[in-house]
Every structure is written in C-alpha cells, then in structure tokens.
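Open the model in a viewer and keep the selection panel at hand. The stops below go from a pocket to the helices around it.

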Amino acid sequence: MDASSDANVLEPQAVGRIEVPKASDLLASRLREQILSGAFGEGQPLPTERALGIQTGLGRSSIREALRILENQGFITVRPGRNGGSIARR
C-alpha cells in the first residue's frame, strides 16, 4: 500500500461505552408505570413472582430485585408468607 491509499482509510471513531439496563430495572420501571397509571390501584395485589416469571420470561432473582426496588421507592408493600405478596401503593 502506498501513502496515497493510506489517506483514503478513515480513522475509526470512538463509539463510546454502551450501557445496557438490567432486566430488574426494566421490570421495576414497567411495574412502576402500571402503578402510576392506575392499572394496579391502591391496595391491589401485583402478580405473584411465579406469574411475573411466566409473563416476562425473567428469572426469580431479577423479579425479586425489581420488587425490592419498588418497595424501597415506596410503590409496593411486600407481605411475606403464604398469603403474602406485593401490594400496590401510591
């Protein structure tokens, strides 16, 4: 290759870092939007972890992390136990 052909080669541009959101963050965001829009009213139970897993295809740990995020933000209350579950709050 001679010097003239080197001038025709473009220098690569920096693409930059690509941030990919975690599945739990996406699920938390989707559920938060549904709570705020009224799809889940005050005191209404959210789907069970199992149902969320079937609906979303996400694993149990991602679902639990999403529910922890919403609980920490005050959008749900989580009741443990057999008759427990996640309850929407506004």
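Select helix 4 (residues 60-72): with six residues, helix 4 gives the most to the lining of the largest pocket. Helices (H or I, at least four residues) and strands (E, at least two) are DSSP runs numbered from the N terminus. The model is predicted, so local features need pLDDT of at least 70 and side-chain atom pairs count only at pLDDT 80 or more, while totals for chains, interfaces and linings use all residues. Residues are numbered from 1 along each chain as its sequence is written, and side-chain values use heavy atoms, with hydrogens and water left out.

A pocket here is an open set of points on a 1 Å grid over the protein atoms alone, where a 1.4 Å probe fits, with protein on both sides within 12 Å along at least five of seven lines; lining residues have an atom within 4 Å of a point. The largest pocket holds about 490 Å³ of space, a volume being the space filled by probe spheres set on the points.

To centre the view, pick Thr 48, Glu 49, Arg 50, Arg 64 and Leu 67, which lie nearest the pocket centre among the 21 lining residues. Colour the lining by class: eight residues are nonpolar, six polar and seven charged. Ala, Val, Leu, Ile, Met, Phe, Trp, Tyr, Cys and Pro count as nonpolar, Asp, Glu, Lys and Arg as charged, and the others, Gly among them, as polar.

Now show helix 3 (residues 49-56) against helix 4: the two pack at about 115°, with axes 10 Å apart. Helix 3 is therefore roughly perpendicular to helix 4 (65 to 115 degrees). Axes are lines fitted to C-alpha atoms, for helices over the stretch in contact, and angles run from 0 to 180 degrees between N-to-C directions. For the contact (heavy atoms within 4.5 Å), select Glu 49, Leu 52 and Gly 53 in helix 3, which meet Arg 60, Ile 63, Arg 64 and Leu 67 in helix 4. By class, this contact has three nonpolar, one polar and three charged residues.

Finally, select helix 2 (residues 23-37), which packs on helix 4 at about 50°, with axes 8 Å apart. Among the residues of helix 2 that meet helix 4 are Leu 27, Ala 28 and Leu 31. The contact of helix 2 with helix 4 has nine nonpolar, two polar and three charged residues.

Terms used. Angles under 35 degrees count as roughly parallel, over 145 as roughly antiparallel, 65 to 115 as roughly perpendicular and the rest as oblique.
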